[in-house]
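User: I would like to learn how to read a few features of a protein model. Please take me through them one at a time.

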Amino acid sequence: MMVIDVLTLFPEMFKGPFEYSIIKKARDKGLVEINLVNIRDFSTDKHKKVDDYPYGGGPGMVLKPEPLFNAVEHLKGNKFIKQKTIFMTPQGKLLNQDIVRELSKLEHIIIVCGHYEGVDERVRQCIIDEEISIGDYVLTGGELPAMVLIDAVARMIPGVVGHKEGVYEESFITGLLEYPQYTRPRNFRGMEVPEVLLSGDHKKIREWRLKQALKRTYERRPDLLEDRKLRDEEVKILGTLKNEGRSARS
Ligand code: ADE
């Protein structure tokens, strides 16, 4: 069971994404608990103030340290479990599947969503373990990035996504782009499903899929192949693909 606490000024924003489909099922099954915590509830100020003007001047507002310190200290609780406090920011480490896999092994994640011009630097120094960005673009707040992170992490928790799929993926296409999929009808507006998929020959189908996955990855994301330890079979297929490319051009 993983517990994810989200610290946000806009808990209502999270209503939709986690009440449907796979994440909803995972919550119902007790595989993941997602708690939405309003930062404002931890303000000690009589006006429930959570932000203030930046020292030194400049535009926008900065999230005050007190409510965030109070909230994280309150939520941390049992220090002996595997837990991490994460701040969503474009200045963070770029999210990828390796980071997602590591985070999915934790028992407790606290996610802090920033807004306005940012948060007081002392929050980042003292209570944040890791800063994560979901891409090199700027969003208006950390809520959408938090939803992306939670979705990616939750599907890696054993039992959340169908067991079969997970095993299949592990066996030969991890780290590659997916091979093309088809369903009925066999002929749609004159476009045929590749013959091999109808053959019932599982060895051939597996080979075809691996070749297609390698082809897609080679054409669209060659950087992924550079980071990958290629198996003999894959080196051979890639060689053929490169040759086919050459003869097609000549
Ligand atoms: N907050 C605003 N933009 C962001 C991004 N790209 N990643 C994470 N947090 C953000």
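User: Where does Pro185 lie?

Analyst: Pro185 is in the loop between α6 (163-172) and β9 (187-188). Helices (H or I, at least four residues) and strands (E, at least two) are DSSP runs, numbered from the N terminus. This is a predicted model: local features need pLDDT of at least 70, side-chain atom pairs count only at pLDDT 80 or more, and totals for chains, interfaces and linings use all residues. Residues are numbered from 1 along each chain as its sequence is written, and side-chain values use heavy atoms, with hydrogens and water left out.

User: What joins Arg184 and Pro185?

Analyst: Start with the general idea. Most residues other than glycine have a negative phi, and most peptide bonds are trans. Here, Arg184 and Pro185 are joined by a cis peptide bond, with omega about 5 degrees.

User: What phi does Ser21 have?

Analyst: Ser21 has a positive phi of about 55 degrees, although it is not a glycine. Ser21 belongs to helix α1 (residues 21-28).

User: How is the protein chain divided into domains?

Analyst: Domain bounds come from an automatic or database domain assignment. Here they give domain 1 (2-154) and domain 2 (187-249). The C-alpha centres of domain 1 and domain 2 are 40 Å apart.

User: Now the ligand. In which pocket does the ligand sit?

Analyst: On a 1 Å grid over the protein atoms alone, a pocket is an open set of points where a 1.4 Å probe fits, with protein on both sides within 12 Å along at least five of seven lines. A molecule sits in a pocket if more than half of its atoms lie within 2 Å of its grid points. The ligand sits in the second largest pocket. Two elements give two or more residues to the shell around the ligand: β5 (83-94) and β8 (130-133). β5 provides the largest share, three residues.

User: How many residues of the shell are nonpolar, polar and charged?

Analyst: Eight are nonpolar, four polar and none charged. Ala, Val, Leu, Ile, Met, Phe, Trp, Tyr, Cys and Pro count as nonpolar, Asp, Glu, Lys and Arg as charged, and the others, Gly among them, as polar.

User: Which backbone atoms lie by a nitrogen atom of the ligand?

Analyst: A polar contact is a pair of N or O atoms within 3.5 Å. A backbone N or O atom of Gly135 lies 3.1 Å from a ligand nitrogen. For a polar backbone atom of Tyr137, the distance to a ligand nitrogen is 2.8 Å.

Conventions
A polar contact is a pair of N or O atoms within 3.5 Å; within protein, one must be able to donate a hydrogen and the other to accept it, and residues adjacent in sequence count only if both atoms are side-chain atoms. On a 1 Å grid over the protein atoms alone, a cavity is a set of points where a 1.4 Å probe fits but cannot get out, and a pocket is an open set with protein on both sides within 12 Å along at least five of seven lines; lining residues have an atom within 4 Å of a point.
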